[in-house]
Amino acid sequence: MSDSKDTGGAIFSFLTAIYIIISQIMTVVYFIQYCKTDDSILEIIFIDSVLSELKGLFWIFFVW
């Protein structure tokens, strides 16, 4: 019975790691999209970096 708990925890850890990796890839994608549309370097540095990180964390909602 202890093996099933270890297996479940390992699967959850693996899925969490995959989600975090994909979210960081999507953060870069969204940041590039913001950089292409904005002209102000200050807006890109201070606003778009935060927005792209938030959008990257919730990428699953924006893909559908």
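Three aromatic pairs are present in the structure, which is a predicted model. In the pair formed by Tyr30 and Phe62, the ring centres are 6.3 Å apart and the planes meet at 70°, so the geometry is edge-to-face. The angle decides this class, because planes over 60 degrees apart count as edge-to-face.

Phe62, with a relative accessible area of 46%, is partly exposed.

Which residue lies over the face of Tyr30? It is Lys55, placed at 4.7 Å from the ring centre of Tyr30. Lys55 also lies over the face of Phe62, and here the separation from the ring centre is 5.1 Å. Tyr30 and Phe62 thus form an edge-to-face pair, while Lys55 lies over the face of Tyr30 and over the face of Phe62.

**Overall architecture**

The protein has three helices and zero strands, and along the sequence the pattern reads α-α-α. Helix H1 covers residues 2–37 and includes Phe14. The radius of gyration is 17 Å, whereas a compact globule of 64 residues would have a value near 11 Å. Taken along the principal axes, the box filled by the C-alpha atoms is roughly 60 × 25 × 15 Å. Buried residues account for 16% of the 64 residues.

Val28 and Phe12 are 16 residues apart along the chain, and their C-alpha atoms are separated by 25 Å. Ile11 and Trp64 are 53 residues apart in sequence, with a C-alpha to C-alpha distance of 24 Å.

**Surface of helix H1**

A nonpolar surface patch of about 650 Å² is made by Ile11, Phe14, Leu15, Ile18, Ile21, Ile25 and Val29. Ile11, one of these residues, lies in helix H1 and counts as partly exposed at 47% relative accessibility. Phe14 is another member of the patch; its relative accessible area of 53% makes Phe14 exposed, since that class begins over 50%. Val28 also has its place in helix H1, and its relative accessible area of 48% makes Val28 partly exposed.

The accessibilities of the residues discussed are collected below.

| Residue | Relative accessible area | Class |
|---|---|---|
| Ile11 | 47% | partly exposed |
| Phe14 | 53% | exposed |
| Val28 | 48% | partly exposed |
| Phe62 | 46% | partly exposed |

Definitions and conventions: Residues numbered from 1 in each chain as written. Predicted model: local features only at pLDDT ≥ 70, side-chain atom pairs only at ≥ 80, totals over all residues. Heavy atoms only, no water. Patch = residues over 30% accessible without salt bridge, like charges linked within 9 Å, V, L, I, M, F, W, Y side chains within 5 Å. Areas by Shrake-Rupley, 256 points an atom, 1.4 Å probe, with all protein chains shown as cover. Salt bridge = Lys/Arg side-chain N within 4 Å of Asp/Glu carboxyl O. Helix = DSSP H or I, 4+ residues; strand = E, 2+ residues; numbered from the N terminus. Buried < 20%, exposed > 50% of the residue type's maximum accessible area, 1.4 Å probe, protein only. Phe/Tyr/Trp six-rings, centres within 6.5 Å; stacked < 30°, edge-to-face > 60°. Lys NZ or Arg CZ within 6 Å of the ring centre and 35° of its normal. Rg over C-alpha atoms; globule rule 2.2 N^0.38 Å.
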